[in-house]
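Subject: A structure for you, with notes

Hello,

Here is the structure I promised to pass on. Please open it alongside this message, and my notes will follow below.

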Amino acid sequence: MERRFEDEWRRAFDGAEVEPGAGTWQGIEAAVVAAENGVMRHRIVFYQRLAAASVLFAISMSVVGIYQWNSSKKLADQNEMVLHNIQQQSPVTKSAGGTEASVSENNPLKTTSKVVEQRESGNRNTMQPTDNQGQASKHFLGSSDALPVMRQNTTEVAAGTNSAEGQLAEITGTHQTGTVLNNQTVVEQQAEVAETKTEQEPPVTEQVPDPAVEKAQKAVNRENLWAAVNFAAGNYGTGTSGTMSYAAPMYSASSMPATASSRQPVGVSRSVGISVGKRIGARWVVVSGLSYLTQTSSFTSNTSNQGQVYLYGLTSSNQSSAVTYGSPYSINSVLEFLSVPLQAGYMIIDQKVGFQVNSGVSADFLLKNTLEDPSGQKSNYSQGAGEDSPYRSVNWAGLVNTELSYRIGRQYRISVMPGIRYFFSPILKNGSSHSYTADLGFRFRYILR
Amino acid sequence: MSNSHNGYMISDEELIKGCSAGNRASQKALYDQYARKMMAICLRYSRSPAEAEDVLQEGFIKVFANLPRFRGESRLDTWMTRIMINAALNLNRQKLYLMPMVDIQDAPLHDSEEVNLAQFHFSELIRIIQSLPDGCRIIFNLFAVEGYSHKEIASLLQISEGTSKSQYNRAKSLLRIKLNDAGNEQERYGKKI
């Protein structure tokens, strides 16, 4: 079938061109910028959520950590009290008996069973009809050696021991008078006390490790000092949404005035540096170091002057009538800082896997600001810190990050650190918005032992 | 293809590379190069110049968003034309749902009749096409100008082939009437409209 009708129409429209309205490109550009900002905002939202999740996790871990710390502290206090009581009783034991006292001093809890055995044997001996009062007295003295040990463990036992002690004095008197019957009664009572003790007391010696030994061992294993290299990358926000009027140096090195341009409110932040950490408490560390920080953001400008292109405006009062508006073009601004952070960290988990929360401040010294034309049509322009620069030479920023780490061997530890840096003052001298970065960092530690 | 922009000769490859990197100057250069041609296409699919500009705007946003994925298998302008048509179809999607679903499998296609469009100015042809009902206009453009088959149109618009054919026949009938009217008017005033 012939398609003359269709061919005719195709020919009629072939190569047709119609000029679109003047405002069409502006609409397209605004939509593209909004879309780009939307993407960047999504990325920032991701980092913000990651940081929020980290903080939430840190808080949860803190609660658990504090609870466990309190529990272990209570247990340690109880153990310390027991040991203290033992030490208080040790001189009595020593004065009362020779060999037994020294055993009791070294490991008092262990002696309980020995004492009980001895008492039982003493009991058996005393049950034997013998006139050997010296031997009986020796058994009684053996029993009396055990008395302080029993006293230190339970009140009931202690009460029993006291009465037994009192009776011991009687026994001594009895011994002197030669009445064996009374001695036998006392020995029976002592045996009962010992049995009670044996039944009531679990093998405590195995459950309670020596805290001093543990403490010494922990001190040896502790990561008291470390050095590290750090890397971080993330988003850099100017603290505003949408485009804004922005003041910055001119692209040209000449002293000609410039006009306002727009700046995208987000960019990219990267840093690399070294750091040193020192433990200053059981769970506290202080971290400092040196970092090289770059913050890159993109600008759109549509201003030009007699063929020369300007990137940013100074103020509206400085605008020249010679400035003309042309096609919008992109410019990248790269800020370079030397950053000196100082942070305090609290270690919530201090094991092979570690988790800590760091917070502190950073002094960021501006090195230079470089303006780059992504199309490569213009050469780069750099300006250092100083009076001519629209940027502050020194900026203070607050730092908050969490650090999830893993120890490799005895000497190394790697960490992942999501965090936020918030500038306390605008980085622009005449700016009003506070910049911030949300980044994800990595740290490789070398532990100095 | 090379384009002149601000005194520089920029090839399509450079434009694609620059646009893919988000370079605003490259995007503007691409727009300057192809906007007029794309606007002519958008006008055919729209009811008014304002609607055509909306389509053009939407189309260029999609072009910039998808340029990093452009593999160069077709010419850049062909690829952009498809995007513009899709943008127009998306904008008219709601209207297409309202298209009468006349499924006439045996709808007779009239033999092509000779038609002389040379006597009409481009703007008059556009005006005539824009006066067609939405469904007819879109199917006429797809079939007669872009060269799609009814099967492809049916698949694209999620309608039956019969509907596409009947809508096209209706478009042709309407166009003949409108062209006759316009021709008569020309004869009456003795000049090209």
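The notes below go through the chains, the aromatic pairs and the nonpolar cores.

First, the ground rules. This is a predicted model, in which local features need pLDDT of at least 70 and side-chain atom pairs count only at pLDDT 80 or more, while totals for chains, interfaces and linings use all residues. Residues are numbered from 1 along each chain as its sequence is written, chains are lettered from A and ligands numbered from 1 in the order in which they are written, and side-chain values use heavy atoms, with hydrogens and water left out.

The two chains

Chain A has 9 helices and 11 strands, where helices (H or I, at least four residues) and strands (E, at least two) are DSSP runs numbered from the N terminus. Of its 449 residues, 42% are buried, meaning under 20% relative accessible area with a 1.4 Å probe and protein chains only (exposed is over 50%, partly exposed in between). Its accessible surface is about 23,100 Å², with 57% belonging to carbon and sulfur atoms; these areas come from the Shrake-Rupley method with a 1.4 Å probe, and for residues only the protein chains shown count as cover. Contacts (heavy atoms within 4.5 Å) between residues at least 6 apart in the sequence of chain A join residues at least 24 apart in 73% of cases.

Chain B has 8 helices and 2 strands, and from the N terminus its elements run β-β-α-α-α-α-α-α-α-α. Buried residues are 51% of the 193 in chain B.

Aromatic pairs between the chains

Over all chains there are 16 aromatic pairs. Rings of Phe, Tyr and Trp (its six-membered ring) pair if their centres lie within 6.5 Å, and planes under 30 degrees apart count as stacked, over 60 as edge-to-face and the rest as tilted. Phe5(A) and Phe140(B) have ring centres 6.3 Å apart and planes at 70°, so they are edge-to-face. That pair crosses between chains, from helix α1 (residues 4-13) of chain A to helix α6 (residues 134-145) of chain B. Both Phe5(A) and Phe140(B) are buried.

Which other ring pairs with Phe140(B)? Trp9(A) does: the centres are 5.1 Å apart and the planes at 85°, so this pair is edge-to-face as well. Trp9(A) is in helix α1 of chain A and Phe140(B) in helix α6 of chain B, so this pair, too, joins two chains. Trp9(A) counts as buried because its relative accessibility is 0%.

Ring pairs link a cluster that includes Phe13(A), Phe122(B), Phe143(B) and Tyr168(B). Two charges sit by these rings, too. The charged end of Arg44(B) is over the ring of Phe13(A), 5.3 Å from its centre, and Lys172(B) lies over the face of Phe5(A), at 5.0 Å from the ring centre. The criterion is NZ of Lys or CZ of Arg within 6 Å of the ring centre and within 35 degrees of the ring normal.

Nonpolar cores

A nonpolar core is a set of buried Ala, Val, Leu, Ile, Met, Phe, Trp, Tyr and Cys residues joined through side-chain atoms within 4.5 Å. The largest has 66 residues, of which Trp9(A), Phe60(B) and Phe140(B) touch the most other members. Helix α2 (residues 24-45) of chain B gives the most to this core, 12 residues. Leaving aside residues up to four places away in sequence, Trp9(A) touches Leu117(B), Leu125(B), Ile129(B), Phe140(B), Leu175(B) and Leu179(B). A second, separate core of 10 residues includes Leu293(A), Phe337(A), Ala397(A) and Ile427(A).

Best wishes
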